[in-house]
Amino acid sequence: LHDRPTKPGLHVVAVADTSSNEPVLAAALIYERFRRGDAAVQGPGFEVLRVPFESEATAERPDAAEAANDRFAFPLFVPPGGPFRDVMIILNGLNDSSYRKFFPWAASIARAGVPALIFPSAFLMNRRPREWITPTATERALQARLQVAPDSATPINAVLSQRVAHNPRVLLQDALHTVHDLQRLLESLR
């Protein structure tokens, strides 16, 4: 990736491709292939690569060395051509449980000529241990959360709330872990 920087001076803040919905329509199929584990998927005007990443545990807490959080893959959308100097990094929010909604955005950015990658925050998206998101675990967390906050509980929020209730610093620790990972990623892109 470091040998593919973007065209000088090109900075994309938002992309609206009104000429073609092709990247948006293809994004759902490409997302499914990424989920399945395909190493590379050709899209209309871009390629999606599955990039492996190995995180370093930075926090002193019991869940700091979870395999799902430490070794994961993120999608990189690469337009044709290059070399590239810039890359758009898309980050998820706390309630995001999958890459699905980010694929159309990344596809549109790549179609505009800028590589885009979707980087998951620590312990979210595909960095969560599988046992946290099984139907049984999420239902158990949801039922417990409904006892405390009956009007504001969702399955994904319930698991996150359970972690925060157990350790109030967990969100800050996870955010710092993500920042550390992003610093390592940026260093590798140079």
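**Exercises on aromatic rings**

In this predicted model, helix α3 (residues 102-111) holds both Phe102 and Trp105, which stand three residues apart, about one turn of the helix.

**Exercise 1.** Classify the geometry of the pair formed by Phe102 and Trp105, and decide for each residue whether the side is buried, partly exposed or exposed.

*Solution.* The ring centres of Phe102 and Trp105 are 5.4 Å apart, and the angle between the planes is 80°. Centres within 6.5 Å make a pair, and planes over 60 degrees apart count as edge-to-face, so Phe102 and Trp105 form an edge-to-face pair. Turning to accessibility, buried means under 20% and exposed over 50%; Phe102, at 2%, is therefore buried, whereas Trp105, at 47%, is partly exposed.

**Exercise 2.** Find how many aromatic pairs the rule gives, and then work out the class of the pair Phe53 and Phe119.

*Solution.* The count comes to twelve aromatic pairs. For Phe53 and Phe119 the centres lie 5.3 Å apart and the planes meet at 90°, so this pair is edge-to-face. The pair links distant parts of the chain, since Phe53 belongs to strand β2 (residues 46-54) and Phe119 to strand β5 (residues 116-119), 66 residues apart. Phe53 has a relative accessible area of 11% and is buried; Phe119, with 0%, is buried as well.

**Exercise 3.** Name the residues of the aromatic cluster that contains Phe34, and state which charged end sits over the ring of Phe34.

*Solution.* One aromatic cluster is formed by Tyr31, Phe34, Phe46, Phe77, Tyr99 and Phe103. The charged end of Arg50 sits over the Phe34 ring, 4.3 Å from its centre.

Technical notes:
Residues numbered from 1 in each chain as written. Predicted model: local features only at pLDDT ≥ 70, side-chain atom pairs only at ≥ 80, totals over all residues. Heavy atoms only, no water. Phe/Tyr/Trp six-rings, centres within 6.5 Å; stacked < 30°, edge-to-face > 60°. Helix = DSSP H or I, 4+ residues; strand = E, 2+ residues; numbered from the N terminus. Buried < 20%, exposed > 50% of the residue type's maximum accessible area, 1.4 Å probe, protein only. Lys NZ or Arg CZ within 6 Å of the ring centre and 35° of its normal.
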